[in-house]
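Student: Please take me through this structure one question at a time. Keep to what can be checked on the display.

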Amino acid sequence: MARARPEPIQVVKKRRDAALNALVHGVPYIQFLGIEFERRGDELTGLLNFDEKLIGNPFLPAIHGGVTAAFLETTSVITLSWAYLWPDIESGAIDLDQMAAGDLPRLPKTIGFTVDYLRSGLPRDAYARATVSRAGRRYASVRVEAWQDNRDKLFAQATGRFLMPPQGVRDGS
């Protein structure tokens, strides 16, 4: 019996990019803040594009703490969703046309989110990467770090706890 031939990498990359694009663009607040995501395989990096509207203290100037927290939480939720949906994305079980039309899978809900502000966020682009510490059927824990010019000099970090969506439930409610 012959093994099925693997899909061409262009098809796989297109499906991954379409799924990530639908996830990110399905949440209006992500667009308002100007957050984008770069994908390398199954790893995501959040990018908060600098905009003057993000400044909280114009005398420093520094990125508003609420924007920083929202950026960290958004990166956590999208990374957790990406990990949760990865098997369905890879297998092609997710209907990308439905996702693009706004029929998104339910996203994890925040139970608790603790932010450590380590230094002022400067008026420039910021990056964040989340790591899923634990992901079960009902609960997940995520750690996220944010930096600007130097990955070794974090300006914020956070730990989040999330309620996972029930399996098999696809509507956005």
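**Burial, sheet and charge pairs**

Student: What is the relative accessible area of Asp-17?

Tutor: Asp-17 counts as partly exposed. Buried means under 20% relative accessible area, exposed means over 50%, and partly exposed lies in between (1.4 Å probe, protein chains only). Asp-17 is therefore partly exposed, because its relative accessible area is 41%.

Student: What kind of model is this?

Tutor: Residues are numbered from 1 along each chain as its sequence is written, and side-chain values use heavy atoms, with hydrogens and water left out. Local features need pLDDT of at least 70, side-chain atom pairs count only at pLDDT 80 or more, totals for chains, interfaces and linings use all residues, and the model is predicted.

Student: Which residue forms a salt bridge with Asp-17?

Tutor: Side chains of opposite charge can pair when their charged atoms come close. A salt bridge is a side-chain nitrogen of Lys or Arg within 4 Å of a carboxyl oxygen of Asp or Glu. For Asp-17 the closest N and O atoms are 2.9 Å apart, and the partner is Arg-39.

Student: How many residues apart are Asp-17 and Arg-39?

Tutor: The salt bridge of Asp-17 and Arg-39 links distant parts of the chain: Asp-17 is in helix H1 and Arg-39 in strand E1. Helices (H or I, at least four residues) and strands (E, at least two) are DSSP runs, numbered from the N terminus. Arg-39 is buried, because its relative accessible area is 13%.

Student: In what order do the six strands of the open sheet stand?

Tutor: Two strands pair if DSSP finds at least two bridges between them. The pairing in this open sheet of six strands is antiparallel, and the order is E1-E2-E6-E7-E8-E5.

Student: Which strands stand at the edges of the sheet?

Tutor: An edge strand here has a single partner strand, so one side is left without a neighbour in the sheet. From one strand to the next, the twist averages 25 degrees. The strands at the edges are E1 (35–40) and E5 (109–117).

Student: What angle does the direction of helix H1 make with that of E1?

Tutor: Helix H1 (residues 9–25) packs on the sheet and touches E1 and E2, where contact means heavy atoms within 4.5 Å. Axes are lines fitted to C-alpha atoms, for helices over the stretch in contact, and angles run from 0 to 180 degrees between N-to-C directions. For H1 and E1 the angle is about 160 degrees.

Student: Which residue stands opposite Leu-47 in E6?

Tutor: E2 (residues 43–48) pairs with E1 in the antiparallel sense over six bridges, and Leu-47 of E2 has Glu-36 opposite. E2 is also joined to E6 (residues 126–135) by three bridges, again antiparallel. Five of the six residues of E2 are buried, so this strand is largely enclosed by the rest of the structure. In E6, the residue opposite Leu-47 is Tyr-127.

Student: Which residue of the hairpin of E1 and E2 takes a positive phi?

Tutor: The hairpin has two residues between the strands. The positive phi is near 65 degrees, and the residue is Gly-41.

Student: How far apart are the C-alpha atoms of Trp-147 and Arg-129?

Tutor: Trp-147 lies in strand E7 (residues 139–147) and is buried, because its relative accessible area is 8%. Trp-147 and Arg-129 are 18 residues apart along the chain, and their C-alpha atoms are separated by 9.1 Å.

Student: Is Gly-160 buried or exposed?

Tutor: Gly-160 is found in strand E8 (residues 154–163). Leaving aside neighbours within four places in sequence, Gly-160 is in contact with residues including Gly-112, Phe-113 and Val-142. Because its relative accessibility is 0%, Gly-160 counts as buried.

Student: Which residues are linked in a network of salt bridges?

Tutor: A search of the whole structure finds four salt bridges. Glu-145 forms one with Arg-143, the closest N and O atoms being 3.3 Å apart, and one with Arg-151, at 3.2 Å. The linked residues are Arg-143, Glu-145 and Arg-151.
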